[in-house]
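Start with the ligand site, then move to the domains and a helix pair.

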Amino acid sequence: MKVIVAKTAGFCWGVKRAMDAVLEASVHHDGRVVQTLGPLIHNPQALDLIGKRGVAVAEAPDKVQNGTVVIRAHGIPIQDLRGLKERQAKGELKIVNATCPEVAKVHNKIKKWSPKGYFTVILGSHGHAESVAHRSFAESGSVIVANMAEAQALTDDQLKKVLVVAQTTFTVKDYHEITEYLRERAGEAVFENTICEDTWMRQDEAKSLAQTVDTVIVVGGKASSNTKHLAELAHHYGKPVQYVETAAELDLAGFSGKETVGVLAGASTPTWLVDEVVDVLEQLGDGPSRWRNFLQAAFGSSSLMALGAGLMTLGVHKWLGLPLGWRYPVITAAYVLAMYLLTPFLDPLGLGAKGPARARFLERHRKGLLVSAALALAVTLGLAASLGAKVLLIVAGASLVGAAYKRRFQVGGKAWSLRHIPGSKDVVVALALATVAVITPVWQEGRVWDLRTFAAIFLVGVLAFVRTVIYEFRDMQNDQIVGKETLPILMGKRATKLVLLGLLGTLLAGTLWLTYENRGQGHPLAVALVLVVCAAYPMVYLWLYHERFTTGKNRFELSVDFSFYLVGLLALI
Ligand code: SF4
């Protein structure tokens, strides 16, 4: 059975932003209570995890205790927000407003038209927190319309001068049908399609997936309106649908005789719940698809990075004028692969650091993955030995540091581990890659330690550092839940992003200066161009995606690793 997971499955960027905000608040608080006003999102499992981090839920504004209060992604009525701000002014409260900017856009539309006398029609669900918040901004009156029958029941008076907006998660199809009808009846009317981009992309994908698979699984909270809409859409195409909150609710008998199954998930469904469902479904599969799934889960990410690291080594060597051979790039690629495969098994906290589904996968394939890691390590060390004792010694040292990174050692009677130094992972990865890809070959081949050499070390180190931290941005929630202390968790997203931009800016300025200084000494403009693109790419990536890491898993990995591939272009010049 082939399992196709929707690229949009998992938290939307607004929910991810709210989750990050609440988890960040649970780390950086002043000792007083941290709470959300109402449940942060409509997903009981995610709420459970937030609860385990000590975050309380205040059911109403008058129940908010002194301390920190996080406003959920759906937003809250303006009157409630004003009350909280008054308390903040008195020093009783700290407000972290995680209202999704897409929701705030709807508030702004209502704030613009309502004072001009426009009655507001909100296409949405009755009692949904977001629509309730929208209504609070409509000073010239408002109504929630959930379906065509309710639209038909609107009075002519209500439609004389009207603003029509939608709850951000409303069904696109219903929006078009209802607004078409209202356009015929309304007098002076403003129509604003405020369904957010994430919702329509998710519904679009649900539509096309439901048409191509034999059966559909929708994963998400039963109270989540956007998840319900996905299930309705799949039903509409006549496919059997299982709407589950967790993998335990799957009816496995329902898959017998099915060849393809599509997995959809709502905007408030955590990725780990989707992974759990996919893990169970893949166990039901057999034949080539099972092998394909295994190879992708086992080697998908690691081989993309290993290939990128190998190509980056080739590019940097060409730039430095080192002899171009296959051994150094293969050593770097095999080293990356070996470390990637090996380190989860050396974690003293066990295999669960990337969630229960990944832990089960690692446990099931322990032998195969460890053999692959040992083979990759043997290739790394064998090739290093073929280049000389010096190379072997350094590469073996780098492998030892990588393998021992998570281990605990007794120093002076105290347990000590490299991983407990905040941010150490990012630095260790950067140093290890720069050592294997640049420092060792430069030393072995006797190249001079000039400015260009140090620039190459800096280039590889910075790109590896930025890559690791971008992954940490993506994994912030999971890392906070398992108690990891990564840079974004310790410093906060904003400060970490500034550090990355500072490093990339230095890289960009350095490469431009180096090109200018060496313009007469064999430093062609094409090289400068590639270097500038290599430094600028992660900057643009961070700027575009730092909040919205919601591309599909493989696309995300490929796009983050792309900076390594760009450096490889230097080999062509
Ligand atoms: S569904 Fe859209 S509006 Fe709602 S939180 Fe997500 S991105 Fe924001």
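α1 (13-27), α4 (101-113) and α8 (197-212) each supply at least two residues of the shell around the ligand. The largest share, three residues, comes from α1. This is a predicted model.

In total, 14 residues surround the ligand. The closest are Cys12, Gly14, Cys100, Thr168 and Cys196. By class, the shell holds eight nonpolar, four polar and two charged residues.

The domain assignment divides the chain as follows.

| Domain | Residues |
|---|---|
| Domain 1 | residues 11-99 |
| Domain 2 | residues 103-195 |
| Domain 3 | residues 198-290 |
| Domain 4 | residues 291-572 |

The C-alpha centres of domain 1 and domain 3 lie 30 Å apart. Ten residues of domain 1 are in contact with 13 residues of domain 3. On the domain 1 side, α1 and α2 (44-52) each supply at least two of the touching residues. The largest share of that side, three residues, comes from α2. Seven residues of the domain 1 side are nonpolar, three are polar and none is charged.

Now the helix pair. α14 (residues 366-387) packs with α15 (residues 389-404) at an angle of about 155 degrees, and their axes are 7 Å apart. The angle is over 145 degrees, so α14 is roughly antiparallel to α15. From α14 come Leu377, Thr380, Leu381, Ala384, Ala385 and Leu387. They meet Val391, Leu392, Val395, Ala396 and Ser399 of α15. Nine residues of this contact are nonpolar, two are polar and none is charged.

Notes. Residues numbered from 1 in each chain as written. Predicted model: local features only at pLDDT ≥ 70, side-chain atom pairs only at ≥ 80, totals over all residues. Axes fitted to C-alpha atoms, helices over the stretch in contact; angles between N-to-C directions. Helix = DSSP H or I, 4+ residues; strand = E, 2+ residues; numbered from the N terminus. Parallel < 35°, antiparallel > 145°, perpendicular 65-115°, else oblique. Contact = placed C-beta atoms within 7 Å. Nonpolar A, V, L, I, M, F, W, Y, C, P; charged D, E, K, R; others polar. Near = placed C-beta within 6 Å. Domains from an automatic or database assignment.
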